[in-house]
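Dear colleague,

I am passing on a structure that you have not worked with before, together with notes on what was found in it. Please look through the model first and then read on.

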Amino acid sequence: MTAEYKVNGAVAVITLTNPPVNGLGHSTRAGIVDGMKKALADDAVKAIVITGAGKAFSGGADIREFNKPEAFAEPTLHSVIRVVESSEKPVVAAIHSVAMGGGLELALGCHYRVAVPGAQIALPEVKLGILPGAGGTQRLPRVVGLEMALNMIVSGTPVMSEKLAKTKLFDQMIDGDLMEGAIAFANRVADARPLPKVRDIKIDYPNYEGFLQFSRNTVKAMAGPYPAPLKCVEAVAAAVTQKFDEGIKTERELFLELVQTPESKSLRHAFFAERAASKIPDVPADTPMREIKSAAVIGAGTMGGGIAMNFANAGIPVKILEMKQEALDRGLATIRKNYENTMKKGKLTQEKFDQRLGLITSTLNYEDIGQADIVVEAVFEEMGVKETVFKRLDEVMKPGAILASNTSTLNVDKIASFTKRPQDVIGLHFFSPANVMRLLEIVRGEKTGKDVLATSMALSKKIKKVGVVSGVCDGFIGNRMIEQYSRQAGFLLEEGCTPEQVDKAVEKFGFAMGPFRMGDLAGNDIGWAIRKRRYVEKPDITYSKTADLLCEMGRYGQKTSAGWYDYKPGDRKPYPSQLVNDMIIKHSADLGIERRKISDEEIVERLVFALVNEGAKILEEGIALRASDIDMVYLTGYGFPVFRGGPMFYADTVGLPNVVMAMEKYARGRHGEAWKPAPLLARLAAEGKTFN
Ligand code: T1G
């Protein structure tokens, strides 16, 4: 069992020992009950302390057990809390570091709680699409008050223990050694009777109905497609409108409803997918890493400036290199403006503003960046330019410096071949805006050193990115898949859709932005340049010509105030363009296509399953390490709806045989060759298996 029992004088200490965060899995729950039984049977024991070993008191229920028999195997968390709360000897929770979810609920079942400052206190279940299911919605309002409890439960945001010091949550804040303080406290209360129980505390909140109704309206407005936030309000409402045991029943019913929802399953999948992405099978966790104390960025354009900000935000000094002073000045001005905007929104203090800008320097000379521990090239996406830059970097960078390219599609092995140190070369593909988007594709070259890979993955965490390892192929993971998505979007225009209809259909599905609004934002000329390269390199792949015709009209998107949509000066709102729709209709006629009415369902299936099919090929070729990595790429870099878990998880939810059946239907239409199922997808579907 993963809980230890030790007696210290007249105090029994039960320590949770289930690393890394003392998740309350079955063995830990059984260990607590076992310890309680020993303590209650031992006359020499007058009081009991429960605490957690390592870096947490407890991170809550073991999410890995959800929807598995262990999660509901006795002793359930409810039973554990009942044993603790009904103990006739005082039980004291000794809290440090993290007390979250079921961990906090366990502490709330204790008679007393002591803590050191700096502990994260939270009921974050709503972030997993559920709600506190072991009494948290009934007990927390009784110790911190209705409003604070509702805010904590609906947001899931941690509150530092010292901020709750004056509430009934904590009986004492411990200065110095937690266990010394906790045992001393336990000795002091050993004979105190009656033992205080949180469940007996009355909630005093006049006109609570008005507050609850206001909360319902507010939460309904912000919850979007997620059912959990509103049910959190209902559960907390039960704490004031029902007797304690009825409230517990209400909470349980609401919890069981939520744990089965697809939204919760998707959120739990995303939680683990993000953590799994940082694991690289052939790069052990203890691989020695290179120290990154300074950085350099080549190019002060949109990407270079955003990349430099990531380093500054993480406290890493960064030097930006440009060829021309005016380009440098423009880039630095953009960075300053970005920070000013953040400060205006109250999300950056003047002190932080000054500190970050102070970490960013600039130069026109390669010699000045030679001592940086890492350099990220963010110049024009053309192999000739990359060659010039990397040959120069090979000359000036100190030995052991990491040479990274921000290329979004080009061959990282070829880039590495321009240097004498291919083991130091890696792709670090940021997504625009680079200082905002969380995704970082870490492109592993054939010769990239394992220490360079491990260092880059650790760096991604330090700069608050989700690092996902990709092998070398055209477009890596994200852009290679979006290519097929964009092809289908173009074909849909030729067959009968307008850009607005396609965008609205996928935005209703949950995408942050449809393909045509996205094109207008990113610049349609970027895709145009890539297609021109593809027409030469891969002449057998067909694309709709509509996107080329649009660019030939000079309609690159917002940057030219006209793209798939029209734009008014100073207004980013897209207005459907009669000119573009006429161009599309004429193009269909030129192709001899009779336009037809196309359903939203077909639009979504063709765009999303195009992603899934290409993702299956990427998985099979080993470009992506696991299906959940592909999901993370789409959840953090392409605005795929989190409540659907990512393209591969969504395909699992739909059922792979259903995905293949839909593809067979589209294979009978135009460009049917695009719908040949990837071998892995066909095999998994035939075997009734899933990607994840
Ligand atoms: N269950 C299982 N594994 C967990 C876990 C959990 N609750 N929390 C973390 N892990 C794993 C994680 O997957 C990773 O594993 C490792 O621990 C380190 O995590 C009835 C039903 C606690 C603040 O939602 O917010 O209680 O990748 O990298 O940055 O009402 O983990 O190393 O193999 O995030 O130091 C409610 C979720 C559960 C808390 C630590 N609790 N966890 O952050 O480490 S539901 C939560 C976190 C519940 C009850 C309900 C964070 C952390 P691996 P990490 P960290």
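**Around the ligand**

A polar backbone atom of Ala61 lies 2.8 Å from an oxygen atom of the ligand, a polar contact here being a pair of N or O atoms within 3.5 Å, where, within protein, one must be able to donate a hydrogen and the other to accept it, and residues adjacent in sequence count only if both atoms are side-chain atoms. Please keep in mind that this is a predicted model, in which local features need pLDDT of at least 70 and side-chain atom pairs count only at pLDDT 80 or more, while totals for chains, interfaces and linings use all residues. Residues are numbered from 1 along each chain as its sequence is written, and side-chain values use heavy atoms, with hydrogens and water left out.

In total, 26 residues surround the ligand (each with a heavy atom within 4 Å of it), and the closest are Gly59, Ala61, Gly102, Glu105 and Glu125.

**Strands**

Strands (E, at least two residues) and helices (H or I, at least four) are DSSP runs numbered from the N terminus, and two strands pair if DSSP finds at least two bridges between them. β5 and β7 (residues 120-122) run parallel and are joined by three bridges, with Met100 opposite Ala122 in β7.

Further along, β10 (residues 295-298) pairs with β11 (residues 318-321) in the parallel sense over four bridges, and β11 is joined by four bridges to β12 (residues 360-363), again in parallel. Lys319 in β11 stands opposite Ala296 and has Thr361 as its bridge partner in β12.

**What lies inside?**

How many cavities of 30 Å³ or more does a search of the whole structure find? The search finds one, where a cavity is a set of points, on a 1 Å grid over the protein atoms alone, at which a 1.4 Å probe fits but cannot get out, and lining residues have an atom within 4 Å of a point. Among the residues that line the largest cavity are Gln484, Phe609 and Trp675, and α24 (600-620) supplies the largest share of this lining, five residues.

Best regards

Methods. 1 Å grid on protein atoms, 1.4 Å probe; cavity = no way out; pocket = protein on both sides within 12 Å on 5 of 7 lines; lining within 4 Å. Points joined across faces, edges and corners; volume = space filled by probe spheres on them.
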